[in-house]
Amino acid sequence: MSCKPKRLQALKAIASMHGKEVGDLEKVFNDPAAKLEERARLFAIERHAGQLYGNLPYAVHLEEVAQQLQSDSLRSLAWLHDVVEDDRATLDEVRKEFGEEVAQDIETLSHHKRQESYTQYIERIRDEGSPNARAVKIADLKANINRCAGDDTKNSLAIRYEKALNVLGREND
């Protein structure tokens, strides 16, 4: 296997979630005819390699968001939703790999923390975001709420996410 260690760690986590071997995922990722979601998954795994979500590889969070969504395009966007916000890729890189529409949605989903409050960010998604961007953010919030469940130290975060869901509306419930 020619994976870099951090990428291999993320691939192992995703493979175990699906009862697959890492080599099976590598074959899909290396197929030039792979569908959009698979390309987005590979791009995200590579870009988030080494990043953690709690004590898990960040790709686990992305998978939790993607699993809630029904279409290939929405799941693709779910995989990519944090790559620019987390400084793992530029919008130009996203645009080059996935096109203008995806890049616009990623821009919408990126919280510009120095320029806007969290409330302003959520309101911007509600007011200016495409239906796809809103659907992915709702799935992201639900995944975050699920991760907060049972952890009393994360109650304030869960409340924040619940308020954001109320602002966006509770699609997919």
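I will take the ring pairs, then the helix packing. This is a predicted model, so local features need pLDDT of at least 70 and side-chain atom pairs pLDDT 80 or more, while totals for chains, interfaces and linings use all residues. Numbering starts from 1 along each chain as its sequence is written, and side-chain values use heavy atoms, with hydrogens and water left out.

A search of the whole structure gives 3 aromatic pairs. Rings of Phe, Tyr and Trp (its six-membered ring) pair if their centres lie within 6.5 Å; planes under 30 degrees apart are stacked, over 60 edge-to-face, the rest tilted. One of them is Tyr53 with Tyr58, edge-to-face, at 5.9 Å centre to centre and 85° between the planes. Both Tyr53 and Tyr58 are buried, meaning under 20% relative accessible area with a 1.4 Å probe, protein chains only.

Tyr118 and Tyr121 form a tilted pair, 5.8 Å centre to centre with 55° between the planes. They sit 3 residues apart in helix α8 (residues 118–128), about one turn; helices are DSSP runs of H or I, at least four residues, numbered from the N terminus. Tyr118 is buried at 16% relative accessible area, and Tyr121 is buried at 2%.

What does Tyr121 meet in α7? Glu107, Thr108 and Leu109 of α7 meet Tyr121, Arg124 and Ile125 of α8, where contact means heavy atoms within 4.5 Å.

Technical notes. Buried < 20%, exposed > 50% of the residue type's maximum accessible area, 1.4 Å probe, protein only. Helix = DSSP H or I, 4+ residues; strand = E, 2+ residues; numbered from the N terminus.
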